[in-house]
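Reader: Please show me the model. I would like to go through its helix packing and its aromatic rings.

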Amino acid sequence: MKKFIVANWKCNPTTLNQAKNLFNSIKKGLGAVKNTKVIICPPFVYLEELAKFKRTISLGAQDCYFQEKGAFTGEVSAAMLKDLGCDYVILGHSERRKYFSETNDLINKKLKSALEKGLKPVLCIENTSQIKQCLKGILKQKVIIAYEPIWAIGTGKTPSPAQAKSFNVKIKKLVASNTIVLYGGSVNAKNVEGFIIKSGFDGVLVGGASLKPKELINIVKFVDRI
Ligand code: PGA
């Protein structure tokens, strides 16, 4: 099975030009990647332009609304993302839960609409109790799960490979045997080995380090060689 690397740019960078430079430096540095699926998730506003250059890199959004269209000021639907060339969408990120009060119930609706429109969702969870509610009525193998301990996001702190492995095992018991399960939270080129080899995750979700082309390229190249 291919390994997955999801790059979550969050609310970065500030200009379209910077986004294009970042994307193209990553693409150039990666060259041909054989065993790894690389998915870059920039802010919504850069998706259309970056879709022109994507080639072997896939594009994902960082959220979507569950209604297809209508009077929902400020929202972007899964249908709109698909139309722009997006194939993935991150849903339920802990920052969406914390700053925008997203609930498991809302995330469940978003997951359903993403799947209906042909987007593969990357569901972020902070603990295993969120899985059941988020995936209510959804085939578990259709969703990628990203386990992100909240205290590890953007802090430089990470669980030990043994701790991360025990979470991976717990999650895998709650999903389908072929569900892809990723680790996220302060991943870098030095610690990625532990999460893949020692903890057995199917890939990683990278935040801060995905804004540094060299670092992301090293992460992908390492994973691609495994
Ligand atoms: P981080 O972010 O790699 O900067 O910790 C991960 C995430 O929030 O998705």
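Author: Contact means heavy atoms within 4.5 Å. Helices (H or I, at least four residues) and strands (E, at least two) are DSSP runs, numbered from the N terminus. Residues are numbered from 1 along each chain as its sequence is written, and side-chain values use heavy atoms, without hydrogens and water. The model is predicted: local features need pLDDT of at least 70, side-chain atom pairs count only at pLDDT 80 or more, and totals for chains, interfaces and linings use all residues.

Reader: Which residues of α7 are buried?

Author: Buried means under 20% relative accessible area, exposed over 50%, partly exposed in between (1.4 Å probe, protein chains only). On the other side of α7, Ala162 and Lys173 are exposed. The buried residues are Ala164, Asn168 and Ile171.

Reader: What do the buried residues of α7 pack against?

Author: The partners include both strands and helices. They are β5 (120-125), α6 (129-134), β6 (144-147), β7 (181-184) and α8 (192-198).

Reader: Which ring does the charged end of Lys170 sit over?

Author: A charge sits over a ring if NZ of Lys or CZ of Arg is within 6 Å of the ring centre and within 35 degrees of the ring normal. The charged end of Lys170 is 4.8 Å from the ring centre. The ring is that of Phe167.
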